[in-house]
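Please read this briefing beside the sequence and the model, which are shown next.

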Amino acid sequence: MKTKIINTICQWAPEASSLMPDIERVDDTVADYQLLHKLAEVCMEKIHSGSENEIERVQEIAKVVNLLYQGGNQYTRNAIENEFLTALSFDESPGSLKRHLDLFPAELRKGYIKTILEN
């Protein structure tokens with residue numbers, strides 16, 4: 001059975017379904033975390049490409065993740081912070097912080113800053 005995280009991401013970010021072709025065979029919790037981590041890696045590739053279209057796609061993905069983050073329970077928020085936001089924060093530098101924050105909706109910005117400060 002697919003979780004809310006998997007269903008939402010695969011519905012609104014179709015490229016995510018190809019990130020984990022064996023998602024049905026993986027434990028739900030592990031699948032949630034792996035999918036969020038792989039989605040963050042895709043976002044980083046798009047950010048590094050510098051293409052305006054790719055940056056816009058990252059913003060769209062961030063909106064989907066933000067919807068999950070805002071409407072999610074503690075498990076969902078922790079999964080997003082631990083896998084999506086933490087993976088993005090590993091690439092953080094003083095010069096990129098503003099650029100990354102501009103990609104996120106307001107609520108997700110707070111979670112991102114919290115993640116950076118905790119790690």
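A disulfide is counted here when two cysteine sulfur atoms lie within 2.5 Å of each other. The model is predicted, so that local features need pLDDT of at least 70 and side-chain atom pairs count only at pLDDT 80 or more, while totals for chains, interfaces and linings use all residues. Residues are numbered from 1 along each chain as its sequence is written, and side-chain values use heavy atoms, with hydrogens and water left out.

**Cysteines**

- A search of the whole structure finds zero disulfides, and the sulfur of Cys10 is 14 Å from the closest cysteine sulfur, that of Cys43, which is too far for a bond.
- Cys10 is partly exposed at 21% relative accessibility, whereas Cys43 is buried at 1% (buried is under 20% relative accessible area, exposed over 50% and partly exposed in between, with a 1.4 Å probe and protein chains only).

**Helices α5 and α6**

- The axes of α5 (residues 94-103) and α6 (residues 106-118) come within 9 Å and cross at roughly 145° (axes are lines fitted to C-alpha atoms over the stretch in contact, and angles run from 0 to 180 degrees between N-to-C directions; helices are DSSP runs of H or I with at least four residues).
- In the contact (heavy atoms within 4.5 Å), Leu97, His100, Leu101 and Asp102 of α5 meet Arg109, Tyr112, Ile113 and Ile116 of α6.

**Two sides of α5**

- Ser96, His100, Leu101 and Leu103 are buried in α5, and the elements covering the buried residues include α2 (28-49), α3 (52-71) and α6.
- Pro94, Gly95 and Lys98 are exposed on the face of α5 turned away from its buried side.
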